[in-house]
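I opened the model to look up a handful of local features and to keep a note of each. The entries follow in the order in which I went through them.

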Amino acid sequence: MSQLFPGEVFANTIDFDHGIRQLLPRYDEIIDVIPRCLPTSSRYILELGCGTGEVSLKVLKRCPEAHIVALDYSPRMLQFAQAKITAAGYAQRWTGIQADFGDWAINPEDFNIGREFDACVSSLAIHHLYDEMKLKLFQQIAASLSQNGCFWNADPILPESPTLAEIYQAVREEWASQQGTNLADIRAKLGNSSPQGHSSQDQLATLDTHLQMLTQAGFQTVAVPWKYYGLAVFGGWR
Ligand SMILES: C[S@@+](CC[C@H](N)C(=O)[O-])C[C@H]1O[C@@H](n2cnc3c(N)ncnc32)[C@H](O)[C@@H]1O
């Protein structure tokens, strides 16, 4: 197996949808919260790091008029996403683009996708960027949203103290055990990744740092609609 890109997680892409549900507490809640935070009337939505399309499917179901432009740099993940979107009958409302969203943040003019999105969503992807790039990305997202446009991101967050780090880790262990497995067995299915484009292995920031970056990037209202130990859904309106 060749080296994975950061964020692909599992050595075999086919393991992702099941494995991520074992690895991450309440993954299904996370991918429910994001679409719930979108106006159902949203028409043009940008998704960053769509992976195998789990969030896309939920968003397309909730927003019946929406078209999603989904960026992901992994051809393997995009292939899975495209197959699932097509099987669900949403092919006409979803465009997958193989691209690094860090490149989009720096040179949006190289991407012919416009700058009038009603919403931008992302899940478990942006934490692979260094903080400097996270800020650039948040700025580009803010600049690419229509008036009243919103951005919602789900990501793991940096524990604020060593005690919390232990607690967050224990919660993940407990979660794996509730799924009838353990983190060691799940980790045996993970692949090795090396830095790719703007992403490298986890570059976590605290929730507070994320919220400050969103404000700095131009979001007028910043919010955290969901948090569970070391995982959060956060974002806001520009
Ligand atoms: C853990 S997966 C999450 C996929 C999906 N959002 C979900 O929640 O199921 C992270 C995805 O982000 C993509 N990714 C990470 N860094 C990226 C970057 N700089 N540009 C584009 N895609 C990236 C990976 O290829 C992967 O598909």
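In which strand does N148 lie? N148 lies in strand β5, where strands (E, at least two residues) and helices (H or I, at least four residues) are DSSP runs numbered from the N terminus.

Before going further I noted the ground rules. Residues are numbered from 1 along each chain as its sequence is written. The model is a predicted one, in which local features need pLDDT of at least 70 and side-chain atom pairs count only at pLDDT 80 or more, while totals for chains, interfaces and linings use all residues.

I looked up phi at N148 and found a positive value of about 70°, although N148 is not a glycine. N148 counts as exposed because it has 11 C-beta neighbours inside 10 Å; a residue is called buried if 20 or more other C-beta atoms lie within 10 Å of its own, exposed if 12 or fewer, and partly exposed in between, with C-beta atoms placed from the backbone.
L124, also not a glycine, has a positive phi near 60°, and its place is in the loop between β4 and α6 (131–143). L124 is buried, since 22 other C-beta atoms lie within 10 Å.

**Entry: the sheet**

I then traced the strands and found that seven of them form an open sheet in the order β3-β2-β1-β4-β5-β7-β6, with mixed pairing; two strands pair if DSSP finds at least two bridges between them. β3 (94–98) and β6 stand at the edges with a single partner strand each, so one side of each is left without a neighbour in the sheet. From one strand to the next, the twist averages 15°.

Strand by strand, I wrote down the bridges. β1 (residues 44–48) and β4 run parallel and are joined by four bridges, and the bridge partner of L46 is C120 in β4. β4 and β5 are likewise paired in the parallel sense, over six bridges, with S122 opposite N153 in β5. β5 and β7, by contrast, pair in the antiparallel sense over seven bridges, and A154 stands opposite V233 in β7.
I also checked how covered β4 is, and seven of its seven residues are buried.

**Entry: helix α9**

Helix α9 (residues 207–217) packs on the sheet and touches β6 and β7, its direction making about 15° with that of β7; axes here are lines fitted to C-alpha atoms, for helices over the stretch in contact, and angles run from 0 to 180 degrees between N-to-C directions.
Which residues of α9 are buried? They are H210, M213, L214 and A217. These four cover an arc of only 100° around the axis, which puts them on the same side of α9, the arc being that of the directions from the helix axis to the C-beta atoms. As a reminder to myself, an α-helix has 3.6 residues a turn, so residues three or four places apart point the same way.
On the other side of α9, D208 and Q216 are exposed. The buried residues of α9 pack against α6, β6 and β7, a contact meaning that two C-beta atoms, placed from the backbone, lie within 7 Å. Just after α9, G218 takes a positive phi of about 115°.

**Entry: helix α2**

In helix α2 (residues 27–36) I found I30, I31, I34 and P35 buried. Their arc around the axis is only 130°, which puts them on the same side of α2. They pack against α3 (54–62), β4 (117–123), β5 (145–156), β6 (221–228) and β7 (231–237).

**Entry: the ligand shell**

How many residues surround the ligand? I counted 25, the closest being G7, G49, G51, S123 and A125, where a residue is near the ligand if its C-beta atom, placed from the backbone, lies within 6 Å of it. At least two residues of the shell come from each of α3, β2 (67–72) and α5 (101–106). By class, the shell has eleven nonpolar, ten polar and four charged residues; Ala, Val, Leu, Ile, Met, Phe, Trp, Tyr, Cys and Pro count as nonpolar, Asp, Glu, Lys and Arg as charged, and the others, Gly among them, as polar.

**Entry: W175**

W175 has its place in helix α7 (residues 162–178) and is buried, with 20 other C-beta atoms within 10 Å. Between W175 and L24, which are 151 residues apart along the chain, the C-alpha atoms are separated by 7.7 Å.
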